[in-house]
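Me: Hi! Could you walk me through this one? I'd like to go piece by piece.

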Amino acid sequence: MSRPRVAVIGTGVIGATTTWQLARRGADVLAFDTYSPGHDRGASAGESRIFRTAYKEGSNYVPLLRRAGQLWRELETTASAELLTMCGGLTIGPADHPDVQAVQQCAEEHDLDHEVLDADLARKRFPQHRIDDDEVMVLDPAAGVLRPEPAVQAALRAAAEAGAKILPYHQITEVAETAQGWRITSAGKDFDVDHVVFAPGPWAHRLEPLRSLPIEVRRITACWFAAHDPAAHRPDRLPIAIRRHREAGFSCFPLLDGVSIKIVPHHLGWPALPDPDELPRSAEPEFARAASAAAQRLLPGVTPHPVRIGTFAEGFTPDEHALLGPLPGHRNATVMTGFSGHGFKLAPVFGEIGADLALRGSTEHDITQLAPHRFARA
Ligand SMILES: Cc1cc2nc3c(=O)[nH]c(=O)nc-3n(C[C@H](O)[C@H](O)[C@H](O)COP(=O)(O)OP(=O)(O)OC[C@H]3O[C@@H](n4cnc5c(N)ncnc54)[C@H](O)[C@@H]3O)c2cc1C
């Protein structure tokens with residue numbers, strides 16, 4: 001039997017890991033992207049991403065997270081790249097905050113190692129954070145920091161070594177179902193394939209078969225603040241953190257650039273965009289001032305104003321869980337989009353699932369809650 005020919009549309013982290021998984025299983029893969037691998041216009045860039053195992057977003061993700069952790073290590077070995085630093089992870093906030101409670105519940109349910117530090121202990125162990133008296137830290141040792149741009153490149157390098165054809169600067173402008181599979185078009189050139197994996201991130205609405213999917217494009221802004229004592233903010237001393245405070249909320253990443261730590265404010269909102277190509281490349285002064293106020297209040301060891309700001313586009317679904325499965329209403333098509341601000345850490349297992357669906361039509365992983373048809377009207 002001839003090798004199945006699969007097109008992957010989009011090589012952000014989801015398309016890149018899927019391409020890797022398809023190629024290592026012997027498929028004839030063509031992977032297309034409008035831009036270059038690791039570019040900064042979509043959702044898979046910005047220096048760092050959180051990996052955690054005790055998951056406030058739902059404890060049914062834990063088996064997927066465990067598998068993702070193994071696959072990140074495999075990718076590191078295959079591509080000779082350092083991608084995931086296990087620096088541990090903190091969830092910080094009032095003891096009765098729903099996210100603090102959800103993380104503890106998830107850890108208990110799955111018997112995951114974790115430690116709950118009261119305010120005194122938290123201040124001693126992690127003085128990089130300012131803690132109120134009624135706040136706690138939940139420490140998840142199975143957490144760390146991922147490097148997004150090298151990760152995308154590593155997955156595509158591994159895929160290319162396994163025989164995949166990577167086609168940057170190839171925007172897909174048309175897709176049409178044929179009797180045998182699909183015909184897809186880029187710059188006037190047609191490619192006939194048996195199966196299409198749609199992994200377009202926030203650009204989903206640009207592709208006709210995905211137009212009715214409930215994906216909202218949002219802007220997520222990250223701010224970097226210079227550390228007074230860089231050594232105290234490196235991953236060996238500062239875990240990743242999800243900070244929940246009465247006045248502010250953000251995710252926090254250790255120093256990787258030799259200069260600054262990154263926060264992604266949550267409390268200032270992630271505004272909707274009409275289209276990812278309309279992403280403003282800088283933040284408004286009010287946003288920078290509010291982010292600075294949060295950093296000054298909660299991170300005593302950093303400069304008051306950001307030294308760097310980055311904006312990124314991401315696709316969100318109404319329930320903030322991805323759309324992952326066969327594309328409703330079509331044959332020979334898999335859709336993977338709407339990762340809603342938390343897809344990076346899981347990308348290699350999503351890639352494994354994408355390859356299962358493209359090559360076998362099913363997967364052993366439980367992805368019920370990600371079914372693309374769940375929003376279809378009854
Ligand atoms: C600032 C920020 C912080 C985040 N923090 C975390 C975190 O700490 N931990 C975590 O797990 N997750 C995090 N996330 C979420 C995670 O990064 C995303 O869920 C993930 O990167 C989504 O990847 P993707 O491949 O779906 O999308 P993208 O990376 O946007 O990739 C889609 C690709 O498809 C290409 N494309 C689209 N249409 C076409 C077309 N017609 N033809 C060809 N190519 C096309 C685009 O050019 C793009 O390269 C964060 C997201 C953001 C934005």
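This is a predicted model: local features need pLDDT of at least 70, side-chain atom pairs count only at pLDDT 80 or more; totals for chains, interfaces and linings use all residues.

Me: OK, and how many bridges join β4 to β8?

Reply: Two bridges do that, and β4 runs antiparallel to β8, which covers residues 144-146.

Me: Which residue in β8 is the bridge partner of Leu84?

Reply: Leu84 has Leu146 as its bridge partner there.

Me: Switching topic: what does the domain assignment give for the protein chain?

Reply: It gives domain 1 (5-48 + 148-214 + 319-375) and domain 2 (89-141 + 216-314). Their C-alpha centres lie 30 Å apart. As for the contact, domain 1 gives 18 residues and domain 2 gives 19 residues.

Me: Now the ligand, please. How many residues surround it, and which are the closest?

Reply: There are 34 residues around the ligand, and the closest are Asp33, His39, Ser44, Glu314 and Lys345. Sorted by class, that shell has 18 nonpolar, twelve polar and four charged residues.

Me: Which domains does the shell draw at least three residues from?

Reply: Domain 1 and domain 2: the shell around the ligand takes at least three residues from each.

Me: And which residues have a polar backbone atom listed with an oxygen atom of the ligand?

Reply: Val13, Ala43 and Ile50 are among them. For Val13 the distance from a polar backbone atom to a ligand oxygen is 3.3 Å, for Ala43 it is 2.9 Å, and for Ile50 it is 2.7 Å.

Me: How much of the ligand's accessible area does the protein cover?

Reply: The protein covers 97% of the 1000 Å² that the ligand has on its own.

Me: Last one: which elements give two or more residues to the shell?

Reply: Those are α1 (13-24), β3 (49-51) and β18 (308-316).

Technical notes
Residues are numbered from 1 along each chain as its sequence is written. Side-chain values use heavy atoms; hydrogens and water are left out. A residue is near a molecule or strand if one of its heavy atoms lies within 4 Å of it. A polar contact is a pair of N or O atoms within 3.5 Å; within protein, one must be able to donate a hydrogen and the other to accept it, and residues adjacent in sequence count only if both atoms are side-chain atoms. Accessible areas come from the Shrake-Rupley method with a 1.4 Å probe; for residues, only the protein chains shown count as cover. Helices (H or I, at least four residues) and strands (E, at least two) are DSSP runs, numbered from the N terminus. Ala, Val, Leu, Ile, Met, Phe, Trp, Tyr, Cys and Pro count as nonpolar, Asp, Glu, Lys and Arg as charged, and the others, Gly among them, as polar. Domain bounds come from an automatic or database domain assignment. Two strands pair if DSSP finds at least two bridges between them. Contact means heavy atoms within 4.5 Å.
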